[in-house]
Structures are given as C-alpha cells and as structure tokens.
Amino acid sequence: DEWFSRGKKLPEDPATDTMDFPKRTTPAKGYELLFQPEVVRIYISLLKESKTPAILEASAGAIQNLCAGSWTYGRYIRSALRQEKGLSAIADLLTHDSERVVKAASGALRNLAVDLRNKELIGKHAIPNLVKNLPGGQQTPAKNLSEDTVVSILNTINEVIVDNLEAAKKLRETQGIEKLVLINKSGNRSEREVRAAALVLQTVWGYKELRKPLEKEGWKKSDFQVSLSNASRTQGGSSFDDSTL
C-alpha cells in the first residue's frame, strides 16, 4: 500500500492522448495480475523511491518485458507509463552508476518508444543521456560499458529517431554524430556495435532536412554509408527488445 500510494499521481491534462485499461467484468487472477494498472504504478514507485540497484534493474526489466511485442496489454502499458509520469523516472536511470541499471532502462525505453507519443517525449528528454553513455567523446571520466549495453543503447537511439525528425536533431545537437562515426571508424569496437551504430547513422542521413546542416559541420555522405550486409535488425517500430532479464 505504501509503494502504491507513492507511485499514484494525479492524471495528466485530459486534453492529452490517453488510453484506459479495458474494464474488467471479473477480478484479475493468476498471470493476469502481472499486467494490471495497479502493478504499473507499483513499478513506477519502485523506480522513483528505491536506492537498490537490483530493484531498479528488475523494475525497469519488468517494464521492458511487459512492453515488448504488439500484444493488447503491451499497448495499454506503454500508454499507462506515460500517463503515470513513468517515462522520466526510467530516463533518469540512464545516469545511474550501475551498468546493469543503465542497460535495463535503455531496453525499457526502446520498447516504450514504439508508442508514437512516448517516442516524441523520449526523443526530447532522454537522447542526451543516451548519447552520454556511448563510448568516445570528451566526457570525463569516460564510460566503459560492455558491448551488450552499448548495443542496447544504440538500438534504443535508433528506435527513438526513426520517423522522429526532432529526435534526430537532438542527437546531432548533443554530439551524437561524432560518437557514432567514431564507433564505426575507430577500429576497436565490436562488429555488433558497428552494425548498430551504422543503422543509426543511416537513419540520420535519411532525413534530407539534416543533410545540409551536417555537411556545413564537415560531415560527408561517406561518413553515413556503412556496409550492413550482416545486419540482423531492421529499422522501425516493430523491432522490440524482448530479452528477458
């Protein structure tokens, strides 16, 4: 009850888009208890109140799994997380000291970004912290994240900027292009990291509105053209991260 009351927030402006859970005619039971609106609020309150990395990782991981795929309740939960102000709580975890927490938050944001309204909000508020977690750049101290975490972050960035020009602009403004090109050209990153970064670069170059500004900054078309013959993932809203923690 204590966690529930902390996580419960006043509803957002009714003029914004909302999606209510279907009304139940019988009480939820068994596995149905795992995806009811009350549970969403509990996860959010855990994310906001807990200081334990294992709890933060598990809560973000549970949200990631609930939002994976195109099942009916996945769509409802993606909307509910936004209505309950949960997006910012997850985005804040991208700055956590624990790499496992960062990876879980990244995976959750990727699946939440399948919702177009979530994609817009995540693009505005989470891109800077996603970029900060990428290797390279002038940051001090430098992050030293594992291949799996870097690939997760790159896949999340791509999910957010696909069909989202404003997010792609934010990526450019936060020195994301420099880091992406460095991943591709440094020669010391794994093949998976290079493929994931290349997908993001191709998505960016796909926006004709960005080409002239990028060229003025000294970037060339060749910086965004990377062989993806072995790429295993495609762009777009159907590429969920369905790994289970």
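## A tour of packed helices

Select helix H3 (residues 53-66) together with H6: the two pack with their axes 8 Å apart, at an angle of about 20°. Keep in mind on this tour that the model you have open is predicted.

**Stop 1: H3 against H6.** Look along the pair. Angles under 35 degrees count as roughly parallel, and H3 and H6 are therefore roughly parallel to each other. Their crossing is left-handed. Now show the side chains where they touch. From H3, pick Pro53, Leu56, Glu57, Ala60, Gly61, Ile63 and Gln64; they meet Arg100, Val101, Ala104, Ala105, Gly107, Ala108, Asn111 and Leu112 of H6. If you colour this contact by residue class, you will find nine nonpolar, four polar and two charged residues.

**Stop 2: H6 against H9.** H6 passes H9 in a left-handed crossing. On the H6 side, select Glu99, Val102, Lys103, Ser106, Gly107, Leu109 and Arg110, and on the H9 side Asp148, Thr149, Ser152, Ile153, Asn155, Thr156 and Glu159: these residues meet. Sorted by class, they are three nonpolar, six polar and five charged.

**Stop 3: H9 against H10.** Which residues of H9 and H10 meet? Ile157, Val160 and Ile161 come from H9, and Ala167, Ala168 and Leu171 from H10. By class, this contact has six nonpolar residues, no polar and no charged ones.

**Stop 4: Asn118.** Finally, zoom in on a single residue. Asn118 sits in helix H7 (residues 116-125). Is Asn118 buried or exposed? Buried means under 20% relative accessible area, and Asn118, at 0% relative accessibility, counts as buried. Follow its side chain: it reaches the backbone oxygen of Leu112 at 3.1 Å. To finish, show what surrounds Asn118: leaving aside neighbours within four places in sequence, Asn118 is in contact with Arg78, Arg82, Leu87, Leu112 and Ala113.

Terms used: Residues numbered from 1 in each chain as written. Predicted model: local features only at pLDDT ≥ 70, side-chain atom pairs only at ≥ 80, totals over all residues. Heavy atoms only, no water. Helix = DSSP H or I, 4+ residues; strand = E, 2+ residues; numbered from the N terminus. Buried < 20%, exposed > 50% of the residue type's maximum accessible area, 1.4 Å probe, protein only. Polar contact = N/O pair within 3.5 Å; in protein donor to acceptor, adjacent residues only side chain to side chain. Contact = heavy atoms within 4.5 Å. Left-handed = near helix turned anticlockwise from the far one by under 90°. Nonpolar A, V, L, I, M, F, W, Y, C, P; charged D, E, K, R; others polar. Axes fitted to C-alpha atoms, helices over the stretch in contact; angles between N-to-C directions. Parallel < 35°, antiparallel > 145°, perpendicular 65-115°, else oblique.
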